[in-house]
Amino acid sequence: MVAQGEYTEGAPLTRRERMLRACRGGPVDRPPVWLMRQAGRYLPEYRAVRARASFLELCDDPDLAAEVSLQPYRRFGVDAVIVFSDILIPLAALGLHLEFTPGPVIHDPIRAPGDLGRLEGDLTEALAPTCDAIRRIRREVGADVPIIGFAGAPWTLAAYSTEERLSRDILAVRVLAHRDPAFLDALLERLADVTAEALRLQAEAGADVLQIFDTWAGLLSPPAFQRLAGKALARVLEALPSNRPPVILFARGATHLLEDLAALGPDVVSVDWRIDLAEAAARVGSNVSLQGNLDPVALHADPDTVRRLVWRIVEAGRKARGHIVNLGHGVYPTTPVEGVAAFVEAVQNGEGASG
Ligand code: CP3
């Protein structure tokens, strides 16, 4: 097992240097910290913006998208700003009829090989608001704060695009794997190109780190993962330029796939709370860093409890090549702001600093 490099230099690291080093396993003074869904309904200032605009209007307006992306940075001083958008925006851009009510609804899902033509097209124009938002965020925060761009993984996008409302067990796409594997392969290939294109455009606009969300990969057995989600993810990673920013790969409930995820060659694997970080580190070895992994519901605890839980995670994360402190999934809308503040502060001030 490899211990995280000791940091001995004098000058403090910028947030950007700290994040890039953590992704690649270089020495850091402390791990960086941000939260999945850090901009969202638990924040009063987000709800104030949402009172004036729908979620899709927010994603489509570079000023508003940049503004809500920056809200958690301004309030908590998190170590990275993730651009505000959604993994389903590229599907809407290609022409699928998407609504949020507040969960996503796709009124005209992909059902047959003849529908694949509806996923053709260029994303440059459709992703322009997100890319503009990245440039606006950069103007606000300067070069020293890392910006995270993101996209949905092909398997997760396939799950959403084949059902009007996602069923609990994402049945449509899993049935397709047995009824018409050739059609599903073609769909996953097309969506892999969509994922790669969305990531490439955000990197060109200035994203320092890219995160791929494979929220639904955890439902697959290891062989099915390799044949479906994993194969499509490999295609995404191959399509990115060799000088790409670091890639974080998130899969929920995927402890049984940890080695498979690491073998795909991302810089970081983001794990949820079902595994201890020290054990995850022992399993993935020194070729990949880890991100995670507090259960987001724990942010409802009192701030002292949150701090103690965070310190435990920071300690366990020292066993990894590099560690980015995060949750195991997104912040719930019911989360008290004090819980998020304690989460960030516990990492940035270290154990004992706040009593
Ligand atoms: O992390 C961030 O702060 C950046 C923004 C972001 C959102 N969605 C904003 C959002 C990111 C990175 C996502 C990713 C996303 N979207 C995923 C992968 C991560 C995960 O949660 O597993 C998935 C599966 C989606 C699809 C999606 N979008 C769902 C299922 C929902 C409804 C759930 C809900 O919270 O109501 C959304 C809507 C959504 N995406 C909201 C936000 C802030 C809520 C919209 C609102 O304001 O009404």
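Predicted model: local features only at pLDDT ≥ 70, side-chain atom pairs only at ≥ 80, totals over all residues.
Buried means under 20% relative accessible area, and exposed means over 50%.

Take Ile170 to begin with. Ile170 is not a glycine, yet its phi is positive, about 40 degrees. Its place is the loop between helix H7 (154-161) and helix H8 (171-179). Is Ile170 buried or exposed? Its relative accessibility is 0%, so Ile170 counts as buried. The cut-off for that class is under 20%.

Arg37 also carries a positive phi without being a glycine; the angle is about 60 degrees. Arg37 belongs to the loop between helix H1 (15-24) and helix H2 (44-50). Its relative accessibility is 54%, so Arg37 counts as exposed. The cut-off here is over 50%. That value takes only protein chains as cover.

**The ligand site**

Arg37 returns at the ligand. Which residues come nearest to the ligand? They are Arg37, Arg41, Tyr46, Thr215 and His329, out of 23 residues around it. By class, this shell holds 14 nonpolar, 5 polar and 4 charged residues. The ligand sits in the largest pocket.

| Residue | Protein atom | Distance to a ligand oxygen atom |
|---|---|---|
| Thr215 | polar side-chain atom of Thr215 | 2.7 Å |
| Arg50 | polar side-chain atom of Arg50 | 2.8 Å |
| Gln38 | polar backbone atom of Gln38 | 3.3 Å |

Gln38 takes part through a polar backbone atom, whereas Arg50 uses a polar side-chain atom.

How much of the ligand does the protein cover? On its own, the ligand has 870 Å² of accessible area, and the protein covers 90% of that.

**Cis peptide bonds**

Two cis peptide bonds deserve a look in the viewer. One joins Thr101 and Pro102, with omega about 0 degrees. Pro102 lies in the loop between strand S2 (98-100) and strand S3 (104-106).

The other cis bond runs from Gly292 to Asn293. Its omega is near 5 degrees. Where does Asn293 lie? Asn293 is part of strand S8, residues 289-294.

Key. Residues numbered from 1 in each chain as written. Heavy atoms only, no water. Near = heavy atom within 4 Å. Polar contact = N/O pair within 3.5 Å; in protein donor to acceptor, adjacent residues only side chain to side chain. Areas by Shrake-Rupley, 256 points an atom, 1.4 Å probe, with all protein chains shown as cover. 1 Å grid on protein atoms, 1.4 Å probe; cavity = no way out; pocket = protein on both sides within 12 Å on 5 of 7 lines; lining within 4 Å. Sits in = over half its atoms within 2 Å of the grid points. Nonpolar A, V, L, I, M, F, W, Y, C, P; charged D, E, K, R; others polar. Helix = DSSP H or I, 4+ residues; strand = E, 2+ residues; numbered from the N terminus. Buried < 20%, exposed > 50% of the residue type's maximum accessible area, 1.4 Å probe, protein only.
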